[in-house]
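Please examine the sequence and the structure shown below. The briefing that follows sets out the main features by topic.

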Amino acid sequence: MIVLGVILLVIGFLAGISILWTIGIALVVIGLVLWVLGAVGHQVGGRKHYW
């Protein structure tokens, strides 16, 4: 999710498409939140780790 967000950020920045930029930021933030929750031991989607 984080990688996809970064790819969309780059494509949106280079192409000048603001919706890709916005979606990319959202995916990066959501991916980081899920990654941190999994890293501190909280279950994410029924799993102990997120990846």
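The protein has 2 helices and 0 strands, where helices (H or I, at least four residues) and strands (E, at least two) are DSSP runs numbered from the N terminus. This is a predicted model, in which local features need pLDDT of at least 70 and side-chain atom pairs count only at pLDDT 80 or more, while totals for chains, interfaces and linings use all residues. Residues are numbered from 1 along each chain as its sequence is written, and side-chain values use heavy atoms, with hydrogens and water left out.

**Burial**
- Of the 51 residues of the protein, 20% count as buried; buried means under 20% relative accessible area, exposed over 50%, and partly exposed in between (1.4 Å probe, protein chains only).

**Helix α1**
- In α1, the residues Gly5, Leu8, Leu9 and Gly12 are buried.
- Seen down the axis of α1, its buried residues fall within an arc of 105 degrees (taken from the directions from the helix axis to the C-beta atoms), so they line one face of the helix.
- The exposed residues Val3 and Leu14 lie on the face of α1 turned away from its buried side.
- Just after α1, Gly16 takes a positive phi of about 75 degrees.

**Aromatic pair**
- A search of the whole structure finds 1 aromatic pair; rings of Phe, Tyr and Trp (its six-membered ring) pair if their centres lie within 6.5 Å, and planes under 30 degrees apart count as stacked, over 60 as edge-to-face and the rest as tilted.
- The ring centres of Phe13 and Trp21 are 6.0 Å apart and their planes stand at 40 degrees, so the pair is tilted.
- Phe13 is exposed, with a relative accessible area of 60%, whereas Trp21 is partly exposed, at 38%.
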